[in-house]
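Subject: Structure for your files

Hello,

Here is the structure you will be working from.

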Amino acid sequence: MNRYPRNMIGYGATPPDAAWPGKAKVAVQFVLNFEEGGENSILHGDAGSEAFLSDIAGAASWPGQRHWNMESIYDYGARAGFWRLHRMFTAADIPVTIYGVASALARAPEQVAAMKAADWEIASHGLKWVEHKDMAEEEERAAIAEAIRLHTEVVGTRPRGWYTGRCSENTVRLVAEEGGFDYVSDTYDDDLPYWLEVGARDQLIIPYTLEANDMRFATAPGYITGEQFYQYLKDAFDLLYTEGEAGAPKMMSVGLHCRLIGRPGKAAGLKRFIDYIQGFDGVWCPRRIDIADHWAKTHPHQRRELPSQMTRARFVEAYGGIFEHSPWIADRAHDLELGPAHDRAAGLHNALCRMFRSASEEERLGVLTAHPDLAGKLAAAKRLTAESTNEQASVGLDALTDAERTRFTQLNTAYVEKHGFPFIIAVRDHDKASILAAFERRIDHDRASEFAEACRQVERIAEFRLKDLLP
């Protein structure tokens, strides 16, 4: 099957109500990445030094050598930055989620003890702070397993959350297949958690952020001052809070690194933001695992049959009647590049309409002539499809007076004689009176105009039918 794996529809125009605890208008979740001691270094068995996310402009890896300056910048994060942030968050009574690189945690027993004493969540940030993009699948699977083993040994409990950061195309699937994580955060694609089906597992995804993130102090374009960081966070919070007041509460992730935001000039901006949000009611500052627990309880996943994953036979069985007695439309649509966007009514409607629109005029005429007369002989004989029966009954066409039935019969006969196909209208857009008015107006159209209008009405009928079946 020609299938497109990326999901660019998500919740669409109608996201669920997050229903945060206490009817919070926004959930602001702080992540502190603890990577110091897990970065690239020949001391750690790597080919060269680290080159990513530091205050060294234009840093490059030094193959086969220790980079003393780079190491000392990372060391600052563990030695000073962590403790500044620990004091800041514990004073504000805000618990954070640690993204802990397992090998870094193993080299930081006092920091781990402080994290646990503060009741911070310690999620896994992988075994080492290195790129996964070129790892073979089995190598990455083994690295994930070793990260869990070492994390459990160092922390005392296995991690319930995972974020690689420098991930491969296989990472999320491999972590989900491991089966023990309440959430994975290696995506940046939403303001709310969502469920991802990975084989038989329903994996909760809690998206992360690379923009409300102090890494922008070390990348271009980025922040130069703590004030810039504060202003960006404030603007994001203000908009999300307003959306929450309007009944659409969201989640705001804030990404932090000990060696970056832990520096005094940068930390001042973070402190301003913490002080700012504490001046508002209806702000929930949870750990990531708290969001996961809440979402699993409030919005448990419910699997449904997905059009894009159906076999051809099942697809035609399910949707072959959307266009009246024309299963060939569904059969052709199954060959399109279907994906998550087509698992909802609007997307599948678009796919089916594409096949109808690209068909020959003779084929489209066949679709039109497959439609029954409104309130005609087939209806009287109860030989309509179930869909047509329900549609006509919804506006009372199954209960006409003798005079109304006579008028419909006259119009049906005259219309078919003139245009060569039945009068077609999406009855759910109308009532009995407006249907008659449209009938009497359209019967005088030229055939080309009426053919085009009938095709539009067929598509509208299909839209209603799909909305009865799909979200």
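**Helix pairs**

Helix H12 (residues 345-357) and helix H18 (residues 447-467) have axes that come within 9 Å and cross at roughly 150°. H12 is therefore roughly antiparallel to H18, and their crossing is right-handed. From H12, the residues that meet H18 are Ala345, Leu348, His349, Leu352, Cys353, Phe356 and Arg357. Their counterparts in H18 are Cys455, Val458, Glu459, Ala462, Glu463, Leu466 and Lys467. Sorted by class, the contact of H12 with H18 has nine nonpolar, one polar and four charged residues.

This is a predicted model, in which local features need pLDDT of at least 70 and side-chain atom pairs count only at pLDDT 80 or more, while totals for chains, interfaces and linings use all residues. Residues are numbered from 1 along each chain as its sequence is written, and side-chain values use heavy atoms, with hydrogens and water left out.

The terms are as follows. Helices (H or I, at least four residues) and strands (E, at least two) are DSSP runs, numbered from the N terminus. Axes are lines fitted to C-alpha atoms, for helices over the stretch in contact, with angles from 0 to 180 degrees between N-to-C directions. Angles under 35 degrees count as roughly parallel, over 145 as roughly antiparallel, 65 to 115 as roughly perpendicular and the rest as oblique. A crossing is right-handed if the near helix is turned clockwise from the far one by less than a right angle, and left-handed if anticlockwise. Contact means heavy atoms within 4.5 Å. Ala, Val, Leu, Ile, Met, Phe, Trp, Tyr, Cys and Pro count as nonpolar, Asp, Glu, Lys and Arg as charged, and the others, Gly among them, as polar.

The other pair is helix H4 (residues 137-155) and helix H5 (residues 171-178), whose axes come within 10 Å and cross at roughly 50°. H4 and H5 are therefore oblique to each other, with a right-handed crossing. H4 contributes Glu137, Glu140, Arg141, Ile144 and Ile148 to the contact, and H5 contributes Thr171, Arg173, Leu174, Val175, Glu177 and Glu178. By class, this contact of H4 with H5 has four nonpolar, one polar and six charged residues.

**Strands**

Strand E2 (residues 97-100) runs parallel to E3, and four bridges join them; two strands pair if DSSP finds at least two bridges between them. Thr97 has Glu121 in E3 as its bridge partner. In E3 (residues 121-124), Glu121 and Ala123 point one way and Ile122 and Ser124 the other way, and all are buried. Buried means under 20% relative accessible area, exposed over 50%, and partly exposed in between (1.4 Å probe, protein chains only). In a regular strand the side chains alternate between the two faces of the sheet.

Strand E6 (residues 194-198) and strand E7 (residues 201-205) run antiparallel and are joined by five bridges. Leu196 has Gln203 in E7 as its bridge partner. E6 and E7 form a hairpin with two residues between them, and Gly199 in the turn has a positive phi of about 60°.

**Single residues**

Phe356, in helix H12, is buried at a relative accessible area of 1%. Leaving aside neighbours within four places in sequence, Phe356 is in contact with Phe323, Ile329, Arg364, Val367, Cys455, Val458 and Glu459. Phe356 and Val367 are 11 residues apart along the chain, with 8.8 Å between their C-alpha atoms.

Asn170 sits in the loop between strand E4 (161-162) and H5. Asn170 is buried, with a relative accessible area of 17%. Beyond its neighbours within four places in sequence, Asn170 is in contact with Glu137 and Glu140.

Lys266, in helix H8 (residues 264-277), counts as buried at 12% relative accessibility. With neighbours within four places in sequence left aside, Lys266 is in contact with Asp55, Phe217, Gly226, Leu260 and Ile261.

Most residues other than glycine have a negative phi. Asp93 has a positive phi of about 60° although it is not a glycine. Asp93 lies in the loop between helix H1 (68-91) and E2, and is exposed, with a relative accessible area of 68%. Asp119 likewise has a positive phi of about 60° without being a glycine, and is found in the loop between helix H3 (109-117) and E3.

Regards
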